[in-house]
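Welcome! Take a moment to look over the model below, then follow the briefing topic by topic.

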Amino acid sequence: HPGTNFRRAGIHKGFWVAAGSSLLVLLLLFTLFRLGYLLEIGFYISAIGILLSIATFYALFRSGKNLEARDPTLTIPQVACAMSVLTIAMYYTSSSARGVILPLELMAFVFGVFRLDTRKLLSLALFAMACYALMIALLLNFRANSVDFQLETLRVVIFGTILVWFAVMGGYVSKLRKTLRDSRDAMEEMATHDALTGSYNRRHLLAALE
């Protein structure tokens, strides 16, 4: 169906934008590694995670399996994967440079802003904060000398506040987009259907024949 094909094209375009952003993040992590702020093992694990995520989601979108999901865009799994990989990278990053990676998590979160409602965005925000808290707990247990607990607490508070703000604003944006989409659908309905009988009109039939 033309509408379905158009929707799939839009979903695939969104995937390629996300994949390109992931490769950009990989380049930035490589820069941190070359400058000595990110341990070698951390870079390789993060790189494998990013490339494996891209390959996995590409296979899902290419096969059409994503259309069987409630959200065919797979936005939540994609953002969650990105946040998980970045959390791993932060674990292996020096304390002085760890805050540099936090804006990269916001890049991932922004993809959800355009597709998810407030409740789902808040769930992702809680997931990101839980990942950060788990990372700090592991650092305190295995690499305590690399943790400035007061600084990390400040970071997670600021990071969490920003994520919640994005979630609220993102939910508002999503609501506006839904309203606009409903209005567009209503206008299309009026343009292609007879107002009295509800059947397709001449304009629709000509477009279908073409």
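Let's begin with helix α3: at 1.5 Å a residue, its 17 residues should span 24 Å, and its end C-alpha atoms are 25 Å apart, which agrees. Keep in mind that this is a predicted model.

**Helix α3**
- Helix α3 covers residues 75–91.
- Its buried residues are T75, Q78, V79, A80, M83, V85, L86, T87, A89, M90 and Y91.

**Helix α2**
- Helix α2 runs over residues 40–63, which makes 24 residues.
- From first C-alpha to last, α2 reaches 35 Å, close to the 34 Å expected at 1.5 Å a residue.
- Buried residues of α2 include the phenylalanines F43, F57 and F61, along with G42, G49 and I50.
- Just after α2 comes G64, with a positive phi of about 85°.

**The nonpolar core**
- The largest nonpolar core has 45 residues, and L29, I101 and F109 have the most contacts inside it.
- At least two residues of this core come from each of α1, α2, α3, α4 (95–113), α5 (118–142) and α6 (149–192).
- Which residues does I101 touch, leaving out those up to four places away in sequence? They are L29, L32, L86, A89, M90 and T93.

- L24, L27, L28 and F30 make a nonpolar surface patch of about 340 Å².
- F30 belongs to helix α1, residues 2–34.

Technical notes: Residues numbered from 1 in each chain as written. Predicted model: local features only at pLDDT ≥ 70, side-chain atom pairs only at ≥ 80, totals over all residues. Heavy atoms only, no water. Helix = DSSP H or I, 4+ residues; strand = E, 2+ residues; numbered from the N terminus. Expected span 1.5 Å × (residues − 1). Buried < 20%, exposed > 50% of the residue type's maximum accessible area, 1.4 Å probe, protein only. Patch = residues over 30% accessible without salt bridge, like charges linked within 9 Å, V, L, I, M, F, W, Y side chains within 5 Å. Areas by Shrake-Rupley, 256 points an atom, 1.4 Å probe, with all protein chains shown as cover. Salt bridge = Lys/Arg side-chain N within 4 Å of Asp/Glu carboxyl O. Core = buried A, V, L, I, M, F, W, Y, C linked by side-chain atoms within 4.5 Å. Contact = heavy atoms within 4.5 Å.
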